[in-house]
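Visitor: Please show me the structure, and then I will ask about it.

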Amino acid sequence: MEPDTREIGPGTDSMSQESVIKLQIATKEKIGKFNSLRAREVQPGEFWDVVAVTAADESQRAAYELQVRQKVDRKELPLGPHYKVFCDPPGPKIGNGGSTLYALQQLNDIYGKALERLRVLLIHAGGFSQRLPSASALGKIFTAVPLGDPLYQMLELKLASYVDFPSRMRPGVLVTCADDVELYSTGGDESVRFDQPGFTALAHPSSLSVGTTHGVFVLDSDEKSGDSEVETVSCLRFLHKPSIAEMRGSGAVRDSRRGCLSLSDTEFVYTDSTYYVDFGTAKSLLGLLEELGPLDCEVDAYGDFLQALGPRATVDYASNTANVAKEEGGLVDVRQKIFHLLKGTPLSVVLLNNSKFYHIGTTSEYLFHLARDGALRTELGLLPSAFSVDANESSGRCVMHSVLDPACSVGAGSVVEYSRLGAGASVGAGSVVSGCWVRAGLSVPAGVLAHSLCVTRGRHAAFVTAIFGIEDDLKRAVEAPSGLAELKLCGVSLPACLSRWGLSEGELRFSGDAPGCSLWNACLFPVCSDQRSSFSLSLEMLQAALSGSAFTVPQGTALVSMRECLKWKNLEEMLKFRGGLYEDITRSKRDNQSS
């Protein structure tokens, strides 16, 4: 899968370089401004009044609250704003649109009339990150980023990216997602402002092929000049994942030869990322939730809300479920109610003509942007080794919040985070090692993701290391046993893996009550009493599967799934391990400074 990167810059190579330099300068200024706010009491209007993060359930909410509280205690965030975590109600999945509605309801319950004076950042971070399993237990909003001291996570990066917004917006809510990064520059005295009624969305110039997988804005061609890095215009209509023919037919396609900025293509469209809702419209959405009652279907905060906006919007989209992952009976009715509530609400668009949008929601994207490709690393100033004990800080790989023995090695294009690597340990190219304690001399193969978790079984803490191939599809479900051979772990079919481990297909257990069998709920990973043994045993099993050699799982060893690991996760122990790394790294830095 190609990494999701949207960008535009001037047409010639020299101008393109100028565009990138502008992005670097603007991003450095934002990060510097945010760093100046960390650990400091912020003044009213200087920063967000409320930063709210959504979670999928109560367990995830508790995990997020614990990590946010630790960040505040360690003074890693600006002090003064209210940091809140809201979880979806139990029952069916409600999508990020449903999460938006319930978050607004909870904000209203907490702040009442005072909410109309507040500037709120709402970050959607629910879900179990099956496409980036190293973020599943602790959350993708807490994914490490090789930047800053203390080390940034995606939460800090989002706050830094939007650090200029609160002082330039009226009270309302800015809605964004946890796994993307928007970089942009503004020219001269221009700035991004959220001062229009209704919805105001950020828009990025993108190729037509990118437009087919995102939201696309249809603009009034008479309004756009194309002469500025930032422009605010009105939007006639919003298209959700349209075909190229639909883009052309609706007038969404722009001629890149007009104006000063262009893609290498001669045509482009403006695609979506983040949007703002003014307080009056937010109150209308609260009324919508009251009208809908308990949701029993997934609502999209982008497709289902934004398609109702603009003077050319029609209700036709309500019955179009072509882009819906799971078609649900009540969705059409919910969409129709959304349309009639929001019909006539203005949609303004802030055109970020020199901008980049990065999606970092899959393991492949995570590796590509942090360790392989130089674009994001250059623009953000990302480090090859950040807040780590790492004697070999070579480029082309990424080490974060880890302690590495001088005699170990990390292959090109790999990421090591929150881990310890012993003497002579090695990590192959293009792999992720997350939360692991790797004994001396062990070799992690190329192209795998290894992630250790602490779980509570009975009353005791235990450890599990899940290892998948980078390209493994953890969501794909088959009917067992007939379809078992279609599931592959690191390129090896599950029946072949079981045979090499001395297990029969009948002994393989799948957790949960879902009808399908997948790598996510396959009980493949051994439970051990300590973290080092957990990693070593899982690695032995993987090596046997890859080499075709026989390996016998020790008698009495329980095998569990990634799904069960999340159900039984022991967050305190996982964060305690990170705390031990933090102390060792801080001590090492202090010793180096004094010597």
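Visitor: Is Phe-468 buried or exposed?
Guide: This is a predicted model, in which local features need pLDDT of at least 70, side-chain atom pairs count only at pLDDT 80 or more, and totals for chains, interfaces and linings use all residues. Residues are numbered from 1 along each chain as its sequence is written, and side-chain values use heavy atoms, with hydrogens and water left out. Buried means under 20% relative accessible area, exposed over 50%, and partly exposed in between, with a 1.4 Å probe and protein chains only. Phe-468 has a relative accessible area of 2%, so the residue is buried.

Visitor: Is Phe-525 buried or exposed?
Guide: The same cut-off of under 20% applies. Phe-525 has 4% relative accessibility, so this residue counts as buried.

Visitor: How many aromatic pairs does the structure hold?
Guide: Rings of Phe, Tyr and Trp (its six-membered ring) pair if their centres lie within 6.5 Å. Planes under 30 degrees apart count as stacked, over 60 as edge-to-face and the rest as tilted. Counted this way, the number of aromatic pairs in the structure is 15.

Visitor: What kind of aromatic pair do Phe-194 and Tyr-276 form?
Guide: Their rings lie 5.4 Å centre to centre. With 35 degrees between the planes, the pair is tilted.

Visitor: Why does the pair of Phe-194 and Tyr-276 tie together separate parts of the sequence?
Guide: Strands here are DSSP runs (E, at least two residues), and helices are runs of H or I with at least four, both numbered from the N terminus. Phe-194 lies in the loop between strand 8 (180-184) and strand 9 (199-206), while Tyr-276 lies in strand 13 (residues 267-278), so the pair joins parts whose separation in sequence is 82 residues.

Visitor: Are Phe-194 and Tyr-276 buried or exposed?
Guide: The class is given for each of the two residues. Both Phe-194 and Tyr-276 are buried.

Visitor: What kind of aromatic pair do Phe-468 and Phe-525 form?
Guide: Phe-468 is in strand 27 (residues 460-469) and Phe-525 in strand 30 (residues 525-528), 57 residues apart. Their ring centres are 5.2 Å apart, and with 80 degrees between the planes the pair is edge-to-face.

Visitor: Which residues do ring pairs link into a cluster with Phe-194 and Tyr-276?
Guide: Phe-194 and Tyr-276 belong to a cluster linked by ring pairs.
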